[in-house]
Amino acid sequence: MKIQERTGAGAGRSAAPAQPSVGDRLPSPPRERKPALAALAVLLILLGALGATMLVLQVGDRVEVVKVTKDIPAGGRVTDQNSTIVMVADDPDINYIKETQLETIKGYTAVTMIPGGSLPVGEMFAKEPKIPAGKASVGLALKEGQYYADIKGGDTVAAYRVGTSGSSSSDSSDKDSSSSSSGNGLIATASVERVKGESDATVSTGSKSITLLVDEGDAAALASASSAGEVALVRVPAK
């Protein structure tokens, strides 16, 4: 009888469910795959790499071009005083003025006003000066003292009527009639188109041939005063 009781107790223990071992893990639920997000991440990586590549290419493909530092009026010229050289990304669709073309472009005149701080292009200049509508070119033959020493193309000037001495009696009546305007302003602002011999910066004495771009209505008075030797030019700020 005792033996049978032990057997029955042992059989009851073996029928109990086995407990999982400590090292076993419970099965995890399957992950939800998102192919759209994965494709977007790959696309962003590719775009970033492409952008970096383009930036490197642009930085490496740069050219030296002319930049205008001061306003150049219509009829004015590029000079060392109103221009500088800067580096920009090369663009075959833009007709930049390259650094190697600087000396050549100095012989051309601006067909329109070029504001300071801009990068001019070749279409802004012409070999033969083009007179804007309502403007006129007036040539002046001035002696030393009637112009300032470093006058050059592209300057903005004012023209004044000044008195002269040594007039003959034959034109004394003309002088009397103009004496009231002696020293008065003829033109408030005009643009210097060219100065004969301006390439020689050391020349500051003697007569000069100077061409001004003025309003058409002022041309006759300026030419008349110039023929009488009664014109003096002074530099004024560009407007």
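Student: What makes Asp 155 and Arg 235 a salt bridge?

Tutor: The closest N and O atoms are 3.9 Å apart. A salt bridge needs a side-chain nitrogen of Lys or Arg within 4 Å of a carboxyl oxygen of Asp or Glu, so the pair qualifies. This is a predicted model: local features need pLDDT of at least 70 and side-chain atom pairs count only at pLDDT 80 or more, while totals for chains, interfaces and linings use all residues. Residues are numbered from 1 along each chain as its sequence is written, and side-chain values use heavy atoms, without hydrogens and water.

Student: Where do Asp 155 and Arg 235 lie in the chain?

Tutor: Asp 155 is in the loop between β5 and β6, and Arg 235 is in strand β9. They are 80 residues apart, so the pair links distant parts of the chain. Helices (H or I, at least four residues) and strands (E, at least two) are DSSP runs, numbered from the N terminus.

Student: What makes Arg 161 and Glu 230 a salt bridge?

Tutor: Their side chains meet at 2.9 Å, N to O. Arg 161 lies in strand β6 and Glu 230 in the loop between α5 and β9, so the pair ties together parts 69 residues apart in sequence. Arg 161 has 15% relative accessibility and counts as buried. Glu 230 is also buried, at 5%.

Student: How do you know whether Asp 80 is buried or exposed?

Tutor: Asp 80 has a relative accessible area of 52%, so it is exposed. Its side chain meets that of Lys 106 in a salt bridge, 2.6 Å from N to O. A search of the whole structure finds seven salt bridges.

Student: What makes the five strands an open sheet, and in which order do they run?

Tutor: The order is β5-β8-β7-β6-β9, with antiparallel pairing. The edge strands, β5 (135-142) and β9 (231-235), each pair on one side only. Neighbouring strands are turned by 40° against each other on average, direction ignored.

Student: How do you know that β7 and β8 pair?

Tutor: Two strands pair if DSSP finds at least two bridges between them. Strands β7 (residues 185-195) and β8 (residues 208-215) have four, in the antiparallel sense. Arg 194 has Thr 211 in β8 as its bridge partner. Four bridges also join β6 to β7. There, Ala 159 is partnered by Ile 187 of β7.

Student: Why are Leu 37, Leu 40, Leu 43, Leu 44, Leu 47 and Leu 50 called a nonpolar patch?

Tutor: Patches are made of residues with over 30% relative accessible area and no salt bridge: like charges are joined within 9 Å, nonpolar side chains (Val, Leu, Ile, Met, Phe, Trp, Tyr) within 5 Å. Leu 43 shows the accessibility part: it has 43% and counts as partly exposed. Leu 43 lies in helix α2 (residues 35-60). The six leucines have about 580 Å² of accessible area together, by the Shrake-Rupley method with a 1.4 Å probe, only the protein chains shown counting as cover.

Conventions
Axes fitted to C-alpha atoms, helices over the stretch in contact; angles between N-to-C directions. Buried < 20%, exposed > 50% of the residue type's maximum accessible area, 1.4 Å probe, protein only.
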